[in-house]
Number of protein chains: 2
Amino acid sequence: MEISKPTLIIDRQKCLENISFMAEKAKKHQLHFRPHFKTHQLKTIGELYSKQGVTAITASSVSMASQFAGYGWKDITIAFPVNINEINEINFLTEKINLNLIADNISSFDFLSRNLLSNTGIFIEIDTGHHRSGVRWDDFGLIDELVNFLSASSKLQFKGFLTHSGHSYTATSKEEITSIQQETIRKTSTLKERYLKNHPSLIISTGDTPCCSLCDDFNSVDEIRPGNFVFYDVMQFYLGTCQTADIAVTVACPVVSLNHERNELVVYCGAIHLSKESVVDDKGRRIFGLVTEIDEDGWSEPIEDTYVSALSQEHGIIKTSSEILKKIKIGDIIGILPVHSCLAVHQLKGSPIYIN
Amino acid sequence: MEISKPTLIIDRQKCLENISFMAEKAKKHQLHFRPHFKTHQLKTIGELYSKQGVTAITASSVSMASQFAGYGWKDITIAFPVNINEINEINFLTEKINLNLIADNISSFDFLSRNLLSNTGIFIEIDTGHHRSGVRWDDFGLIDELVNFLSASSKLQFKGFLTHSGHSYTATSKEEITSIQQETIRKTSTLKERYLKNHPSLIISTGDTPCCSLCDDFNSVDEIRPGNFVFYDVMQFYLGTCQTADIAVTVACPVVSLNHERNELVVYCGAIHLSKESVVDDKGRRIFGLVTEIDEDGWSEPIEDTYVSALSQEHGIIKTSSEILKKIKIGDIIGILPVHSCLAVHQLKGSPIYIN
């Protein structure tokens with residue numbers, strides 16, 4: 001492996017295992033599997049999904065939906081509140097593929113009904129506890145109004161309710177993640193019961209990686225849209241939703257400085273490669289990545305007591321032990337497991353290396 | 001201004017004023033001005049510097065140095081510990097331009113002396129308190145060894161000592177920044193005195209934006225390399241090194257969701273646009289950006305009690321007051337002043353819009 005600068009390494013076999021795991025889970029619970037492609041944004045990873053029978057996907061922007069439409073994907077939900085300023089690109093897409101959009105307000109739906117050129121699927125975004133976007137799940141007055149608006153529109157095809165329980169990412173235990181899933185089910189079940197009679201084909205779409213990975217009760221849910229699980233990352237490991245062996249990406253980077261007084265080394269791999277996402281471990285240490293050995297065949301388990309302790313634009317600072325540091329030389333290539341694979345992969349997706 | 005997605009807006013006039021300010025300061029103190037180009041990475045901003053007489057620049061990677069060599073810059077210091085794995089690209093550069101490299105260890109210098117094809121300027125990187133990379137300023141044993149190694153080499157031309165007092169970015173007062181500058185001067189003066197007799201042309205190169213912006217004592221320093229000041233940002237404003245009116249970049253972004261219960265809005269502008277850099281304000285609030293009105297001519301001062309409170313991949317969550325929120329509509333374009341312009345600009349530099 002000829003590495004001269006920070007390089008994303010993707011273990012295809014691990015990706016396939018992660019995809020299989022989630023596809024099997026969806027099948028077992030009779031859930032439509034619409035994986036989120038924002039984590040990888042890569043044609044090659046899309047093809048791995050394709051081989052496992054996936055035909056419908058989720059994107060987080062009009063640009064990303066356009067990218068994957070260009071690769072031949074024909075059924076895409078943009079799970080981000082519709083940006084009406086991109087109506088031209090949206091109209092271009094709706095002519096070519098089955099597109100679903102989401103919103104949480106009449107203003108957006110009204111704009112779409114007046115400006116969309118083709119029929120388009122619409123989900124009402126529901127807030128079941130994440131408090132980012134979406135209508136509060138029990139604001140039935142507003143939900144009635146939105147459902148009625150959609151029902152009266154010929155172009156906007158009401159598909160159902162979509163939610164993202166993203167607060168599962170800040171949970172502190174498996175029990176808390178399970179409890180979030182239970183809440184999501186309870187709230188979306190109420191909605192389903194309320195509207196199913198008049199809209200018998202409506203679906204409930206949900207699916208963050210923590211809940212989809214750990215939980216086995218999906219009840220009223222019809223569709224899941226997890227994304228992160230294809231690579232997982234250090235954050236998911238600390239959440240308990242994966243093992244470090246499941247993490248399918250690492251960033252290979254060169255060692256440029258060693259400090260034996262502080263038991264630190266500096267690598268060429270900074271915030272513009274890993275992003276500044278961090279987690280705090282059980283010893284209270286802020287961690288920007290875990291460190292592995294790496295060679296042609298793959299990478300090791302994380303090296304004990306060794307972690308990325310700080311990042312500047314291009315520098316990564318790694319704290320380690322004197323024993324480990326003695327074995328490392330200037331110019332060596334080491335691997336860094338990212339804290340948040342979605343953000344690191346976004347920055348490094350230009351020229352990944354695939355192994356296995 | 002036709003904005004449909006998160007877009008970097010650069011106020012050329014503010015950049016020019018920021019460049020003038022720093023160029024004048026360098027002139028007044030008889031300092032060589034070698035601005036760091038990692039903050040902007042843009043050909044157009046390079047041209048603004050060029051018009052103000054700048055001929056020598058700083059880059060933070062071999063790739064960035066190659067980019068600016070391609071734009072015609074002939075004198076570049078890569079102020080990042082030399083990455084020996086990029087020796088081929090380095091040799092390509094040294095044939096075309098005057099290149100300076102930095103390192104803090106014999107291993108890197110030994111590799112360079114055996115593998116460089118052309119004469120190359122070399123700075124010994126010194127740690128005066130930042131504790132990222134560099135030889136501890138008073139480790140005279142190692143510094144002697146490095147200076148002697150360089151003196152004995154025909155290819156490696158010893159240029160002097162380079163330091164980056166990056167701990168000024170985490171200072172909590174102007175007094176602390178001044179005190180960091182005094183420490184940098186004291187330590188580099190000691191080095192200069194020790195080695196100047198045998199190396200009469202050696203220079204001291206320093207220059208982080210906080211110290212260069214606020215301080216007026218440069219004493220032993222010969223060259224400054226600040227970068228951030230060309231744009232400044234919210235972090236620098238909170239440090240007290242600039243006013244909000246000096247910030248020369250904003251990110252224009254569309255409003256996609258409004259929440260009147262929580263006095264929040266959601267914009268299409270997330271961690272992949274702004275980066276996850278944050279500051280904590282004097283009320284203890286974690287801030288990922290300040291919010292402005294924006295039109296064709298520029299942007300307003302930050303809107304009171306309004307700030308980016310959270311970021312996910314594509315979502316920015318803005319907290320505001322009910323009065324402000326009433327005036328904002330779905331589809332409006334607002335401006336976000338980034339917390340760290342270097343990281344935000346890195347992500348958005350693909351298609352900036354220049355005003356003024």
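Q: At what angle do helix α3 (residues 62-70) of chain B and helix α4 (residues 87-96) of chain B pack, and how far apart are their axes?
A: In this predicted model, the two helices pack at an angle of about 30°, and their axes lie 10 Å apart.

Q: Why are α3(B) and α4(B) called roughly parallel to each other?
A: Their packing angle is about 30°. Angles under 35 degrees count as roughly parallel, and α3(B) and α4(B) are therefore described as roughly parallel to each other. The hand of their crossing is left-handed.

Q: Which residues of α3(B) and α4(B) meet?
A: From α3(B), the residues are Val62(B), Ala65(B), Ser66(B) and Ala69(B). They meet Glu89(B), Ile90(B) and Leu93(B) of α4(B). By class, this contact comprises five nonpolar residues, one polar residue and one charged residue.

Q: Which residues form the contact of α1(A) with α2(A)?
A: Arg12(A), Cys15(A), Leu16(A) and Ile19(A) belong to α1(A), and they meet Ile45(A), Leu48(A) and Tyr49(A) of α2(A). Six of these residues are nonpolar, none is polar and one is charged.

Q: What makes α6(A) oblique to α7(A)?
A: Helix α6 (residues 140-152) of chain A and α7(A) have axes that cross at roughly 50° and come within 12 Å. That angle makes α6(A) oblique to α7(A), since roughly perpendicular begins at 65 degrees and roughly parallel is under 35. The crossing of this pair is right-handed.

Q: Which residues of α6(A) and α7(A) meet?
A: Phe140(A), Ile143(A), Asp144(A) and Val147(A) in α6(A) are in contact with Thr190(A), Leu191(A), Arg194(A) and Tyr195(A) in α7(A). The classes represented are five nonpolar, one polar and two charged.

Q: Why does Ser189(A) count as buried?
A: The relative accessibility of Ser189(A) is 15%. Buried means under 20%, so Ser189(A) counts as buried. This residue is found in helix α7 (residues 174-195) of chain A. Leaving aside residues up to four places away in sequence, Ser189(A) touches Asn219(A) and Ser220(A).

Q: Why does Tyr307(A) count as buried?
A: Its relative accessibility is 10%. The limit for buried is under 20%, so Tyr307(A) counts as buried. Tyr307(A) lies in strand β18 (residues 307-311) of chain A. Apart from residues up to four places away in sequence, Tyr307(A) touches residues including Arg285(A), Ile287(A), Val291(A), Ile317(A) and Lys319(A).

Q: What relation holds between chain A and chain B?
A: A rotation of 180° with 0.0 Å of shift along its axis superposes chain A on chain B, with an RMSD of 0.0 Å. That is the relation of a two-fold axis. Among the residues of chain A, Lys276(A) comes closest to the rotation axis, its C-alpha being at 2.8 Å.

Q: How do you know that the copies meet through the same surface?
A: Of the interface residues of chain A, 100% are also interface residues in chain B, so the copies meet through the same surface.

Conventions
Residues numbered from 1 in each chain as written. Chains lettered and ligands numbered in written order. Predicted model: local features only at pLDDT ≥ 70, side-chain atom pairs only at ≥ 80, totals over all residues. Heavy atoms only, no water. Least-squares fit on C-alpha atoms with pLDDT ≥ 70 in both. Contact = heavy atoms within 4.5 Å. Axes fitted to C-alpha atoms, helices over the stretch in contact; angles between N-to-C directions. Helix = DSSP H or I, 4+ residues; strand = E, 2+ residues; numbered from the N terminus. Parallel < 35°, antiparallel > 145°, perpendicular 65-115°, else oblique. Left-handed = near helix turned anticlockwise from the far one by under 90°. Nonpolar A, V, L, I, M, F, W, Y, C, P; charged D, E, K, R; others polar. Buried < 20%, exposed > 50% of the residue type's maximum accessible area, 1.4 Å probe, protein only.
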